[in-house]
Amino acid sequence: MIDPLQEFDFLESNYERPNQEWECGWTAQGESCHIGPDCSGTCQAHRECVPYKDGDRYKCARPKNFGGRCDLGPRPDGNCSQRVVECQPVRTLRYRRKLFTFTVAVLALGSCLIMFGGSWGNSLTSPGELTQQHKPWSEKCSRCHTAANGTFAQWVGGVMDPKPKSHDSQQCLKCHEKLGSQPLMAHGMESEHLKSMRQEMRDASEPGKQPFVYALLDKASRNPLDEKNGLACALCHQEHRGQKFDLTQMSNVQCQSCHSAKFHSFSDGHPEFDGFPYQRRTRLYFDHVTHFQVHFKSFERVKPGAVIPRGLRDYGNGTNPSAQSCRSCHQPDSSGRMMPIRGFEHSCAACHGAEIEEDALPGVQLLTLRMQDSKLLTAAGATIGQWPTLKAGDGAESNEDSVLPLMEILLSADSDYLKARKDLIQLRKRRQNGSENPDDLNAQQADALQRKAWSIKRLIHRLGTGNKIANERRLNYLKPIFKSDGDAALLQTLSASLFRDPTFLTALKTAQKSWFPKLDQEIEDLNGGNPPTYSPFDVQPAATLKDSSSGWYASLPDGALRYRVTGHSDRLVRAILDLAGRVPHLIDTSAAKSAAGPSPFGELGPTASFRCLGCHTVDKQEDGRLAINWVGRHVSPDSQSFTKFSHAPHLTLLSKNNCSKCHSQQKDINFAREEFVSFREMFRANTNPHSTLTSGFAPISKKTCTECHTSQRVGDSCLKCHNYHIFK
Amino acid sequence: MRSLAARRWYSLGVFALLAAVILALYAILSFSIHPTSFASGWTLWGLILALAAYNVRKRLTFLPLGSSSKWLQVHIYGGLLSFVLFIVHVEFRVPSGAFELSLTLLYFIVFFSGLGGLAISRAIPARLTTRGEEVLFERIPKFTKRIRDDVENIVLGCISETQTTAIPEFYVEHLKHFFDGPRHFWQHLFQSSRPRNDLLGEIRSHERFLNKDERAAVQRIIDLICAKDDLDHQYALQWTLKVWLFAHIPFTYALVIFSVFHLVLAHAFAGGSE
Amino acid sequence: MSQGRSIIPRPKRWDVPFSDEMTDDVVERILSVAPFNKIDRKKFRAPITLEGIIQNDARLVSCQEGDIIIREGDWGNSAFFILSGTVRVELMASGKFLPPEKLGRPVTKRKSLFRAIAQMWSNSKEPEFRDLSQPALSSEVGSRGSGDRTRIYLQDIPRLLDKYKTVALEAGELFGEIAALGRMPRTATVFAEGEATLVEFRWQGLREIFRKDASMRTHIETKFRNNALEGILRNEPSFANTAEEDMQQLLDQAEFNTFATYDLSKQYRDMARGGTEGQLTEEPLVAKEGDYPNGVTLICSGLARLSQRYHNGHRTLGYLLPGQMYGFPEIEEGWKTQKQLPLSMSLRAIGYLTTVTVPTQLVERLVLEKGGAGKSHQSPALDVAAAAQTVTNIGSDIIEFAVDNSLVQGTATMIIDLDRCTRCDDCVRACSNAHDNNPRFLRHGPIHGQYMIANACMHCADPVCMIECPTGAISRDLAGGQVVISDQTCVGCTRCADNCSYDAIRMVEVRDGVGNLIRDENGRLPIQQATKCDLCVEQRIGPACQNACPHDALYRVNMTDLNSLGSVFNR
């Protein structure tokens with residue numbers, strides 16, 4: 001064995017100095033000198049020692065711990081004989097590491113500066129590929145990021161600045177413009193609206209169901225709602241995640257992070273549906289119960305020659321199960337979302353077409369003359385000239401003050417009538433209260449009634465003279481009141497149907513000849529300032545002329561000018577009904593706002609009230625107008641609401657078009673009939689769109705959906721049924 | 001004084017707890033509509049700075065900043081924790097984009113060099129004590145030279161004393177290279193005794209050509225071969241212990257620089273999602 | 001190489017006298033009083049003459065009333081001779097001590113925070129830079145003696161005298177020499193009662209006198225019996241409550257022994273390298289295993305080895321430190337069983353040892369019969385090895401290694417666990433940073449198993465390095481007791497380095513600010529100075545090496561404290 005390599009003795013082992021920057025260049029050769037380089041890396045060694053003079057001799061001065069006195073000793077000239085070969089000192093290992101560290105740091109800083117400063121920095125600094133749709137802008141950061149136009153210093157300033165900054169969402173909206181008027185607000189809604197919705201949701205949620213983690217989340221994160229700047233698009237839509245990344249994906253929990261009522265999943269904690277899809281009553285009243293259980297079994301009342309819908313043909317005998325399909329009447333629309341009725345002609349006309357055109361029913365009234373007030377006036381000595389003796393009939397004996405809507409409008413062009421109208425309204429109110437004798441008139445009211453009678457006669461005269469322009473001017477009176485496009489269309493329809501329709505003039509003239517044979521003379525006298533010379537009740541109108549099965553006709557004995565419909569969706573009747581719905585609003589807003597007045601529709605005759613409004617329900621709108629739902633539910637493809645449901649995918653998934661899987665009949669036939677009967681009267685006051693009137697189907701419960709819509713089966717993500725962005 | 005084993009369990013416990021807290025917070029915050037990456041990013045950045053501060057602490061030995069061993073414990077478990085945070089920060093994806101990829105790469109270099117360094121620091125010291133004389137790394141060249149001088153003296157002695165060239169020839173052919181400097185780095189790193197056995201085997205196979213004096217010389221040379229081999233072993237292991245930091249420290253600085261740019265960029269281009 | 005300011009005279013002993021006020025008159029005056037007038041001056045040969053000693057190793061100290069001369073607990077390197085006046089020694093036995101704040105304990109002269117931070121840039125770039133152009137007698141020297149150190153004094157002496165038990169020392173008496181020569185901390189506080197003039201002797205000078213003059217030696221031993229012994233006995237719980245008259249018996253009959261010699265360092269060093277067996281046999285035997293105990297032995301100073309016969313050799317089981325007792329369990333056990341029990345272990349002096357032995361029958365009569373038994377906590381049990389095992393769980397091989405290499409001396413031994421050490425040199429660099437960019441230890445040294453005892457100063461309980469220092473440049477720090485070297489007074493004689501058997505002291509060639517070696521003005525030999533670990537006495541953080549070790553590999557261990565030793569070895 002050899003001796004140990006190292007000595008610990010202070011003579012053999014000097015301090016190691018690993019913290020020095022330089023070491024002797026001979027170290028690697030194992031021959032480092034004891035002097036070593038100085039701190040600037042210069043070799044200091046020349047000779048092993050500097051000999052000293054002792055008397056006249058030089059002596060070696062090498063210290064003990066560096067070898068002690070050498071054998072050779074100093075040279076005679078006093079120099080050391082042990083020459084040290086000068087070295088090129090080298091860096092120590094530690095200093096080399098320091099140098100390497102510095103180099104790497106400088107390289108890193110340099111490459112960062114190049115990446116952020118260079119023109120080709122975009123592609124390097126981009127954190128990932130854009131989706132397919134946004135790909136064209138991959139090389140143009142400033143298309144989406146306003147910061148791309150800033151400098152690095154500005155970015156740093158942005159990080160330091162704690163104030164919230166306006167975000168880049170405006171850049172998104174440059175292309176994505178169809179997101180409503182307030183696209184950045186939560187759901188695109190105003191915050192007030194949002195608050196109320198939130199409260200609704202909170203009230204509806206089941207108490208105590210809030211998952212624990214959400215409670216934590218509420219504590220841990222701030223509400224993202226920023227009422228000033230709105231929500232940034234980038235909060236949900238995270239780009240740079242690759243070409244195929246779904247930008248619209250959003251997790252349930254993300255939705256719930258804002259919602260104050262939180263729950264586990266659709267099946268566990270989601271509020272129960274509130275009468276879905278019957279949050280409002282159906283626009284068309286259709287008694288499915290009675291139809292299924294009674295009518296479709298017999299088809300007793302089918303119009304002769306009408307075609308029974310294919311699917312219904314064999315309903316009764318049940319031999320062909322497929323014939324029981326709901327799709328006979330309901331077919332998916334183009335988007336597949338809704339299942340609208342296929343239309344009257346297809347679905348209803350076979351049975352109900354004839355009903356509408358039934359001759360037995362009187363037509364819709366336009367003008368009507370009254371007997372009672374005329375008699376009162378005559379008895380009081382007022383002069384109203386000629387006035388026919390009318391048969392007691394529909395409307396003939398009703399109060400004089402109730403005026404048909406269109407007639408009221410036409411009369412309103414008469415300044416005399418306008419003067420009287422205030423008193424007439426007062427009279428009407430008094431009579432409605434019913435506390436006094438309706439026949440007691442004061443002088444003022446009598447005068448008003450007289451004026452009204454003459455106004456009617458003047459109107460008939462004017463219309464009869466066929467001065468189309470003046471007649472149309474009467475309608476123009478409406479123009480300033482009609483505001484919407486729908487109103488203008490209504491006006492056109494009326495104008496076209498009344499004054500350009502020859503049957504109307506014929507009927508009017510017939511009526512005038514029968515009721516007021518001397519009308520021309522009377523009007524002439526009146527205009528000439530002469531008192532009327534004819535007395536009332538000496539004209540006995542002839543029986544009604546039935547010269548046509550449809551269109552205008554004069555119902556002479558009961559003093560009415562009527563219109564018989566030409567079929568389903570008769571434009572004029574629709575217009576008259578629409579007008580009737582608007583009249584209280586147009587004429588007297590205060591009256592319109594007072595709730596249940598007599599329905600204006602009843603006056604129009606049974607066709608309108610029973611035939612039209614038997615199926616088409618009436619909604620009272622906020623401004624007091626009554627709107628008739630001429631069509632069933634219609635959803636504009638441009639609008640988007642919170643909830644979405646599409647029938648089409650469900651139809652293919654469910655076996656055999658089994659609609660009853662979701663739409664189950666709720667009511668028995670007796671109940672349905674009762675409701676229908678009560679509804680018959682409801683056309684008068686049926687102004688509540690939220691009334692319970694339904695199609696006879698039970699509301700769909702959440703349970704219906706949760707059978708399939710679980711996370712394990714077809715998915716229960718919020719976005720399956722709900723939209724984030726809503727707009728109209 | 002807490003025993004090292006107890007401290008390890010304690011630290012692992014704290015680490016596991018913190019990791020669980022991070023993951024739980026991530027789970028909770030990921031429910032939020034806000035991206036979690038800003039919270040995790042800032043935390044990670046702070047942690048990386050704290051970890052890098054250990055390097056600064058090592059320079060400030062004369063200030064009462066807590067003992068280096070406590071710092072190292074925090075450094076080790078903080079480093080492990082940074083990996084959890086990193087995974088959470090990148091949301092279990094591999095980032096795309098050149099800059100972010102290089103940032104990731106830097107992080108991995110630093111993290112894994114640290115992990116490797118830890119393994120080295122724990123495994124090699126015990127191996128160093130098992131074989132060869134414990135020497136200062138700086139003195140290895142000196143000892144190498146001393147051994148070489150000894151061998152060469154023996155070899156030269158052979159020429160002058162025995163007048164034969166068998167040993168000198170063998171030395172020049174097979175041993176000179178071995179004695180010239182540190183050799184067989186990798187074999188020593190992986191604890192192979194193959195180089196020593198090969199050399200000794202070669203010598204023994206030559207022994208039959210030698211006379212008695214020469215065999216005595218060879219015996220001394222064998223001792224020196226063993227000594228040199230042990231020295232090589234020390235060199236290889238001590239060198240490794242020192243050099244792994246060449247990866248860990250420089251790239252830490254690069255990582256910090258990159259992360260500052262990343263941080264600024266992420267905020268400037270967040271588009272309001274922060 | 002640069003000349004000029006880098007050239008200074010080669011330092012010599014007495015280059016820097018203890019005081020430059022020692023005129024010949026003063027020296028003669030001291031030599032005219034007892035006991036100095038009885039010393040045979042012929043025994044002193046040039047250059048170390050008695051006059052020279054007094055001139056250079058002594059100085060006059062004038063005290064005002066209340067001035068504290070020495071304080072209990074301080075490490076003192078000097079003894080005092082009262083020339084005139086009276087001083088008071090506070091008696092330890094009184095049970096009531098002057099509170100430290102009254103004694104005005106000096107605050108450790110640590111670096112301020114700013115200066116600590118400033119080391120970042122103010123550390124010299126060149127190795128071993130020394131600014132030796134300043135006058136040698138700087139604050140460093142002053143503070144070691146009394147010099148320009150503000151003297152602390154006690155107020156209201158009469159009240160103190162009532163309150164605390166003190167003994168007066170009159171002119172002609174010597175005090176402090178036991179601590180100075182025995183390298184022990186001061187055992188009592190001494191303060192001036194009125195105005196007093198004292199002669200303060202550096203212990204190097206005192207040692208010369210002591211060596212040459214037998215009467216002085218007897219004088220010191222008598223003093224020891226009279227003054228220090230009671231304190232030492234009372235410190236041991238078994239004797240603490242002994243009645244006054246019993247104590248007097250103990251003092252009278254106790255036997256004071258000194259083993260080995262004072263100036264043994266050279267031999268000791270050679271002996272230490274002789275291996276365990278050789279070392280054991282060379283060590284003076286205090287008591288032998290198998291003999292019947294003739295008394296309880298108390299260690300006063302130094303270290304003693306406990307060993308037991310094991311097959312054909314001796315096995316080291318432990319070591320005894322000052323204050324510990326030997327032989328008590330055997331006597332106690334024998335007294336209980338009424339049989340004579342032989343000693344279970346041998347006791348040997350390691351290097352320098354002073355002991356006090358109290359005879360067996362006194363122990364039985366005064367201690368055991370009066371119920372003092374079982375109170376002793378400093379005496380090792382019968383089976384030391386087993387006891388050590390249970391307390392510390394340290395293998396006996398480590399103990400033997402530590403004792404053989406005399407590592408048990410160390411109060412701050414640097415132990416490196418090589419299984420954890422990654423050789424990163426953080427400890428060396430931290431040491432460097434704390435010492436003006438110079439490391440003060442080497443990360444190598446003897447290895448036992450996985451433990452390396454690095455070549456760093458252990459701050460021995462009995463620092464042999466201090467023995468031969470001609471200038472007193474190596475001394476104990478007044479506050480903490482660390483062994484430190486003063487650059488201002490070190491003459492580079494290498495005696496401390498030679499004496500240190502742990503290779504903890506290194507000689508360095510000092511340099512000036514630009515890296516040139518400083519040479520003396522005559523011979524142009526480079527100036528060397530001794531350097532070693534000072535436990536970072538100036539730093540705010542304790543030993544920088546331990547603080548800087550990232551892997552819990554390096555510890556500074558007080559080997560005299562078995563518990564802390566155990567906690568390190570059993571991590």
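C:Ser432 counts as buried, at 0% relative accessibility; buried here means under 20% relative accessible area, exposed means over 50%, and partly exposed is in between (1.4 Å probe, protein chains only). You'll find C:Ser432 in helix H18 of chain C. Helices (H or I, at least four residues) and strands (E, at least two) are DSSP runs, numbered from the N terminus. Leaving out residues up to four places away in sequence, C:Ser432 touches A:Asn19, C:Asn123, C:Asn437, C:Asn438 and C:Pro439, where a contact means heavy atoms within 4.5 Å.

Before going on, a word on what you're looking at. This is a predicted model, in which local features need pLDDT of at least 70 and side-chain atom pairs count only at pLDDT 80 or more, while totals for chains, interfaces and linings use all residues. Residues are numbered from 1 along each chain as its sequence is written, chains are lettered from A and ligands numbered from 1 in the order in which they are written, and side-chain values use heavy atoms, with hydrogens and water left out.

Now look at two aspartates in the loops on either side of H18. C:Asp425 is in the loop between strand E16 (413–417) and helix H18 (426–434) of chain C. Its phi is positive, about 65 degrees, although C:Asp425 is not a glycine. C:Asp436 is in the loop between H18 and strand E17 (447–448) of chain C, and its phi is positive too, near 55 degrees, again in a residue other than glycine. Are these two buried or exposed? C:Asp425 counts as buried, at 4% relative accessibility, whereas C:Asp436 is partly exposed, with a relative accessible area of 24%.

Step back to chain C as a whole. It has 21 helices and 24 strands, and of its 571 residues, 58% count as buried. If you take the contacts between residues at least 6 apart in sequence, 78% of them join residues at least 24 apart.

What about the inside? In soluble globular proteins, nonpolar side chains tend to be buried together. A nonpolar core is a set of buried Ala, Val, Leu, Ile, Met, Phe, Trp, Tyr and Cys residues joined through side-chain atoms within 4.5 Å. The largest one here has 67 residues, and those with the most contacts inside it are C:Ile54, C:Phe201, C:Ile209, C:Ile474 and C:Ile505. Helix H17 (residues 396–404) of chain C gives the most to this core, with five residues. Zoom in on C:Ile474: beyond its neighbours within four places in sequence, its contacts include C:Cys465, C:Val483, C:Ile485 and C:Ile505. There's also a second, separate core of 64 residues, with A:Ile409, A:Tyr417, A:Trp552 and A:Val618 among them.

Another spot worth a visit in chain C is C:Thr86, in the loop between strand E4 (78–84) and strand E5 (87–90). C:Thr86 is buried, with a relative accessible area of 18%. Its side chain makes a polar contact with the side chain of C:Glu170 (3.1 Å). A polar contact is a pair of N or O atoms within 3.5 Å; within protein, one must be able to donate a hydrogen and the other to accept it, and residues adjacent in sequence count only if both atoms are side-chain atoms. Not counting residues up to four places away, C:Thr86 also touches others, including C:Ala168, C:Leu169 and C:Gly194.

Buried residues in H2(B) include B:Phe38, B:Leu44, B:Leu51 and B:Tyr54. The helix's buried residues pack against H3 (68–89), H4 (98–130) and H10 (245–268) of chain B, together with helix H20 (544–548) of chain C.

Finally, how confident is the predictor? The complex gets an ipTM of 0.80 and a pTM of 0.75. Chain C averages a pLDDT (the predictor's confidence in each residue, from 0 to 100) of 76. Over residues 1–5 of chain C the pLDDT is below 50, and it stays under 50 over residues 373–383. Chain A averages 76, with its lowest confidence in helix H22 (residues 589–593), at a mean of 43, and its highest in helix H1 (residues 93–117), at 91. Where pLDDT is low, the predicted coordinates should not be read in detail.
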